[in-house]
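I opened my notebook today to look around a new structure, one step at a time. Come and read along with me.

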Amino acid sequence: MKDFLHHLFFPQVSNNYRAKLLHRKSILVVIAVLFFAGFSFSAIRISLPSVLGTFSDISSEQLLLFTNQKRQENALPALSLNQQLSNAALSKADNMFAQNYWAHNSPDGKTPWVFIKAAGYNYIYAGENLARGFTNAQDVINAWMASPEHRKNMLSSNYQSVGYAVETGKLNGEDTVLVVEMLGSTALAAAPAPTNQLASKTQQEIIVTTSSPVPTPTSTLTNKIQNVAPTNPLAGGLVLDANKTPIPKPLINSATLSSDVSKGVVAIFIFALILDMIVIERKRVVRLVGHNIDHVLFLTLIMLIITLIVRGAII
Amino acid sequence: MFKKINEHVAYYISLIIIFAWGIFLISSATPNKQLQMLIFVTMTFFYVIWGVLHHFINHELSSKIVVEYILIGTLGIAIMFFLLKGGFGI
């Protein structure tokens with residue numbers, strides 16, 4: 001075993017002074033294995049979703065706990081979990097998967113407020129934060145807190161309640177975990193403010209939560225007036241899928257596994273290239289090969305890109 | 001290693017610019033993983049071209065070196081393919 005590893009990584013007579021792993025045939029074998037494994041993983045994900053698939057350890061309780069921790073650190077009252085807002089968040093998540101979009105407004109123009117109203121929550125203030133591709137609740141909260149707009153939403157004194165949905169599905173051709181946070185209040189939470197300030201702040205709250213298009217102050221006002229009248233919880237063609245069968249949690253998280261394996265392969269090649277470079281320079285062996293340093297830089301770039309790709313996104 | 005970098009500092013600056021540009025584009029394409037893969041393949045193509053040109057200008061180009069850069073580039077693409085196809089079902 002020791003000799004094999006030596007032969008694989010250490011330039012010596014047995015491998016013609018080039019680490020065996022860096023020989024053309026070895027690289028070709030690794031390339032073939034990676035392509036085969038990619039197709040195999042994909043097939044297993046489809047045929048055996050209980051073994052290999054996408055899941056996260058995010059729960060509404062954790063999200064609420066971490067959000068309230070941040071609010072307490074900023075001397076703000078804790079939010080309470082509201083079932084109507086959770087239903088609205090679930091409807092929004094299902095709608096995003098059904099219509100395949102990653103935005104605050106649906107392709108057919110449904111704003112987040114439509115889902116909140118349809119769930120029967122008569123808000124005065126409302127907001128929405130979205131996240132995808134995260135594997136734990138703390139990372140979601142940290143990402144939102146790192147974004148000034150989302151942070152403003154989470155730390156707003158205007159909200160009293162919150163609802164969450166954590167759903168797994170296919171979005172833009174990618175299996176992902178979607179987190180929807182709906183914030184709201186049915187009464188003025190903060191101390192009374194002058195009318196013009198209040199109007200401005202209400203608008204700001206909704207602007208913060210919507211990337212594009214931004215609702216106009218008029219539509220915000222209309223929403224508020226409409227909320228005074230009782231609304232049908234299931235109006236507007238929205239159906240809360242209460243009978244949805246939960247997808248069993250797979251044994252292995254494919255995203256984490258493939259990310260770890262990819263990083264491992266990159267790290268092994270970087271190690272082999274650096275070792276090869278150091279040994280050859282010390283032994284002053286003349287070879288006609290490419291510059292190892294070029295490949296090390298390229299593989300380091302891949303490592304960075306993997307980190308960039310597997311991290312979650314927020315809007 | 002550092003001697004080699006010092007001798008070819010202009011080449012490495014150009015390579016780092018290509019990579020920095022690629023990272024910026026990939027970051028901007030988040031969360032569209034198909035587009036990110038496309039940008040990565042393009043960047044790999046430029047890496048291979050850069051490697052071949054570098055050796056050509058320094059009069060040390062051979063078919064073995066061309067194959068080596070193509071193989072390392074293909075290895076990078078295979079790693080990204082495994083990550084995206086196996087991990088995210090792209």
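How many residues does α11(A) have, and what length does it reach from its first C-alpha to its last? I found 19 residues and a reach of 27 Å, close to the 27 Å expected at 1.5 Å a residue. The expected span is 1.5 Å times one less than the number of residues in the helix.

**Ground rules.** I noted that this is a predicted model, in which local features need pLDDT of at least 70, side-chain atom pairs count only at pLDDT 80 or more, and totals for chains, interfaces and linings use all residues. Residues are numbered from 1 along each chain as its sequence is written, while chains are lettered from A and ligands numbered from 1 in the order in which they are written.

**Chain A overall.** I counted up the secondary structure of chain A and got 11 helices and 7 strands. These are DSSP runs numbered from the N terminus (helices: H or I, at least four residues; strands: E, at least two). Of the 315 residues in chain A, 38% are buried. Here "buried" asks for 20 or more other C-beta atoms within 10 Å of a residue's own, "exposed" for 12 or fewer, and "partly exposed" lies in between, with C-beta atoms placed from the backbone.

**Back to α11(A).** I looked up its buried residues, and among them are A:Phe298, A:Leu299, A:Ile302 and A:Ile306. The buried residues of this helix pack against α10 of chain A and also against α2 (9-28), α3 (33-57) and α4 (63-88) of chain B.

**Where the chains meet.** I found 46 residues of chain A in contact with 39 residues of chain B; contact means that the C-beta atoms, placed from the backbone, lie within 7 Å. On the chain A side, α2 (24-47), β5 (174-185), α10 (254-283) and α11 (292-310) each give two or more residues. The largest share, 13 residues, comes from α2(A).

**Strand β5(A).** Are the faces of β5(A) covered or open? Both are covered: A:Val180 and A:Met182 are among the buried residues on one side, and A:Val179 and A:Leu183 are among those on the other. I then checked its partners, where pairing takes at least two DSSP bridges between two strands. β3(A) pairs with β5(A) in the antiparallel sense over 8 bridges, with A:Arg132 opposite A:Leu178. β4(A) also pairs with β5(A) in the antiparallel sense, over 11 bridges, and there A:Val162 has A:Leu183 as its bridge partner. The hairpin of β4(A) and β5(A) has 2 residues between the strands, and A:Asn172 takes a positive phi near 50° in it.

**The cores.** I looked for nonpolar cores, which are sets of buried Ala, Val, Leu, Ile, Met, Phe, Trp, Tyr and Cys residues joined through C-beta atoms within 7 Å. The largest has 42 residues, and A:Ile116, A:Val179 and A:Val180 are among those that touch the most other members. Leaving out residues up to four places away in sequence, A:Ile116 touches several residues, including A:Leu85, A:Tyr123 and A:Met182. A second, separate core of 41 residues includes A:Phe298 and A:Ile306 together with B:Ile39 and B:Met80.

**One last residue.** Why does A:Arg71 count as partly exposed? It does so because it has 18 C-beta neighbours inside 10 Å. I placed A:Arg71 in helix α3 of chain A.

Terms used. Contact = placed C-beta atoms within 7 Å.
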